[in-house]
Amino acid sequence: MSVSTIERPETRLRWSRDAVADLLALPFPELMFRAMSVHRAHFDPAEVQISTLLSIKTGGCPEDCGYCPQAAGYETGLAASKLMAVEAVLAEARAAKAKGAQRFCMGAAWRAPKDHDLENVCAMIEGVKSLGLETCVTLGMLTAPQTARLKQAGLDYYNHNLDTSPEYYGKIITTRTYQDRLDTLANVRDAGINVCCGGIVGMGEDEMDRAGLIATLASLPTPPESVPINALVAVEGTPLAKSEPIDAIAFVRLIAAARITMPTSYVRLSAGREAMSDEAQALCFLAGANSIFHGEKLLTTKNATVSHDDALFAKLGIRPLGS
Ligand code: SAM
Ligand code: DTB
Ligand code: SF4
């Protein structure tokens, strides 16, 4: 396909899988130019939003997500623990703020929260907000009354990923459906909470599945305010432990497609940075990634180190948002 025959669909409201596949197949210089142009139209390309993650309830999860070290059904050597105490969470949030985090994201290995657990999480949200941090939680499936309760507690963002394309989804998870995920996202959006929704690549999916994930995200009733793009962290003991890592340029292309199709969203270069070269990360920032997870740990696996990130930001002249 020659560049001149591809329409410039940057202003579309709905994206088809084929239109995203066409973007992914563009010559790399053309794709990057389009992504950089869209990025500059909406953001300062030298600014990156910083979030820190904390696992507030680890392991023992009843779901069967094939990528996840926290599923009870897989032998990953991870010790399961109960929901953390509110004070312990606040101590972690204070430390994250001191290291430059703007948003504090709390994750729990639940299929869905029980109402009494949700009350404890609401106390955490109120405490973290009072430190002057934005709040995000990821707790599994939510009902409409639960999203209303979280909104009342002051929650800024809810993370709930589509993970992959509708077509590939059944190969990765059988214990909840794609529609279940869309329903939770609708409840979150309807409650007036910002949506953080993305996916994972490097799970054996093909190019059309990657296009399908991006097209689905970009065509939600409102594009998610935050779009985490995770490269699989292959954990021993999970069904996806032996997955072939995604090629770095293919990953950058995906970031560029996310930027072009969701021009005003924060696109987060999420899990998988620890295994990525500085050069690959730099290309991701050029392609429009403008958010990262900062801190030594993601939920249960290692993240890029804080000192390495500081050095990378200095080399690239990138600043944390708001600094
Ligand atoms: N249990 C809740 C749920 O799944 O909705 C919240 C926590 S769950 C760990 C949050 C997200 O982390 C998943 O949807 C998935 O996209 C991502 N994730 C989990 N394990 C991962 C891995 N090994 N590599 C990359 N991303 C992963
Ligand atoms: C998201 O999209 N990535 C984060 C966050 N949302 C919750 C989680 C990454 C988890 C990586 C595997 C782990 O550390 O357990
Ligand atoms: Fe459970 Fe979430 Fe892991 Fe799936 S991704 S097994 S729901 S913790």
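## Overall fold

The protein chain has 10 helices and 10 strands, where helices (H or I, at least four residues) and strands (E, at least two) are DSSP runs numbered from the N terminus. The C-alpha atoms of the protein chain fill a box of roughly 60 × 45 × 40 Å along the principal axes. A compact globule of 323 residues would have a radius of gyration near 20 Å, and the 19 Å of the protein chain agrees with this; the radius is taken over C-alpha atoms, and the globule rule is 2.2 Å times the number of residues to the power 0.38.

## Basis of the model

This is a predicted model, in which local features need pLDDT of at least 70 and side-chain atom pairs count only at pLDDT 80 or more, while totals for chains, interfaces and linings use all residues. Residues are numbered from 1 along each chain as its sequence is written, chains are lettered from A and ligands numbered from 1 in the order in which they are written, and side-chain values use heavy atoms, with hydrogens and water left out.

## Ligand 1

Of the 16 residues around ligand 1, Y67, T138, N161, D163 and V233 come nearest, a residue being near if one of its heavy atoms lies within 4 Å. This shell has 8 nonpolar, 6 polar and 2 charged residues, with Ala, Val, Leu, Ile, Met, Phe, Trp, Tyr, Cys and Pro counted as nonpolar, Asp, Glu, Lys and Arg as charged, and the others, Gly among them, as polar.

Taken alone, ligand 1 exposes 550 Å², of which the protein buries 90%, by the Shrake-Rupley method with a 1.4 Å probe.

## Ligand 2

The residues around ligand 2 include L53, P69, N161, N230, F293 and T300, and the shell divides into 6 nonpolar, 6 polar and no charged residues. Oxygen atoms of ligand 2 lie 2.8 Å from a polar side-chain atom of N161, 2.8 Å from an N or O atom in the side chain of N230 and 2.7 Å from a polar side-chain atom of T300. The protein covers 88% of the 410 Å² of accessible area that ligand 2 has on its own.

## Ligand 3

Ligand 3 is surrounded by residues including C61, C65, C68, W110 and R176, and its shell has 7 nonpolar, no polar and 2 charged residues.

Note on methods. A polar contact is a pair of N or O atoms within 3.5 Å; within protein, one must be able to donate a hydrogen and the other to accept it, and residues adjacent in sequence count only if both atoms are side-chain atoms.
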